[in-house]
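These are my notebook entries from a first look through this structure, kept in the order in which I looked things up.

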Amino acid sequence: MEQIVNAIWEDKQLLQDKRNQELVLSVIDSLDKGKLRVAQQNGHIWTINEWIKKAILLYFRLRQMEKIEIGPFEYYDKIPLKKDFDKQGVRVVPPAVARYGSFLSKGVVMMPSYVNIGAYVGAETMVDTWATVGSCAQIGKSVHLSGGVGIGGVLEPIQAQPVIIEDDCFIGSRCIVVEGVHLHKGVVLGANVVLTQSTKIIDITNTKPIIYKGEVPENSVVIPGSYKRQYPAGEYSVSCALIIGKRKESTDKKTSLNETLRDFDVSI
């Protein structure tokens, strides 16, 4: 499948072949069922399957705009919506929307929220009110995306890494995580943390700061911060993120999270 998709990507005329069209459709169906993923973890290494992102973009070429009516709601789009949530063991509260080609594991709860094509959401994860999970984003098990969280999506450039949020993370209200930022297991983001590839993520728990970019180490507790920077017009504050501690591993996940939020006075 990978070889054929790559060949079609290089020569779009091949997409006129019915067999190639069916292959692209089968890739998207496998994404929808969780049999394929845009990114997958092997040990501590994440592998990005660029060919699957190509298949998604080829799928857009195959689809035509059409009217979608659901009760009083009307949409006009190329991509259908997911269905049969009861059979998948997924709770979806109106008017939550998950696009076909995204995958929701058993036990996922979607409050009025949005999950885009290519995204993967792990078991028992909460996608709270007005949270959005962008295309190809990878969300682990038992993650909590609080109200208004924005998880960025990416289809192009093909080689770009999607946002990766590993198991047991807690993302506070109105946080934004974009541009392929990687949160390792157990990370806690306090409310309003904004993480991009250029955001300085500063560990201030020791006598000397340690600066990260593009990833947050396992079990880190993070809050919004700022630092001074000199510009031609003067000195100004620039946003950053501060690692102020680590979640404890001596207790269960829920107790650890509650204790962490209390101990570090973190807003959620």
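**Entry 1: a salt bridge.** I looked up the side chains of Asp 32 and Lys 82 and found that they meet in a salt bridge, at 3.0 Å from N to O, the term standing for a side-chain nitrogen of Lys or Arg within 4 Å of a carboxyl oxygen of Asp or Glu. Asp 32 lies in helix α2 and Lys 82 in the loop between β4 (73-77) and α4 (85-88), so the pair ties together parts that are 50 residues apart in sequence. Helices (H or I, at least four residues) and strands (E, at least two) are DSSP runs, numbered from the N terminus. I noted that both Asp 32 and Lys 82 are buried, where buried means under 20% relative accessible area, exposed over 50% and partly exposed in between, with a 1.4 Å probe and protein chains only.

**Entry 2: what I am working with.** The model is predicted, so local features need pLDDT of at least 70 and side-chain atom pairs count only at pLDDT 80 or more, while totals for chains, interfaces and linings use all residues. Residues are numbered from 1 along each chain as its sequence is written, and side-chain values use heavy atoms, with hydrogens and water left out.

**Entry 3: further pairs.** By the same rule I have a count of 5 salt bridges. One of them joins Arg 99 to Asp 77, with the closest N and O atoms 2.8 Å apart. This pair links distant parts of the chain, as Arg 99 is in the loop between β6 (97-98) and β7 (103-104) and Asp 77 is in strand β4, 22 residues apart. Arg 99 is buried, because its relative accessible area is 12%, whereas Asp 77, at 21%, is partly exposed. Arg 63 also forms a salt bridge, with Glu 66, and the closest N and O atoms there are 2.9 Å apart.

**Entry 4: helix α1.** Which residues of helix α1 (residues 2-10) are buried? I found Val 5, Ile 8 and Trp 9 to be buried. What covers the buried residues includes α2 and α3 (50-62).

**Entry 5: α1 against α2.** Ile 4, Val 5 and Ile 8 in α1 meet Asn 20, Leu 23, Val 24 and Val 27 in α2, contact meaning heavy atoms within 4.5 Å.
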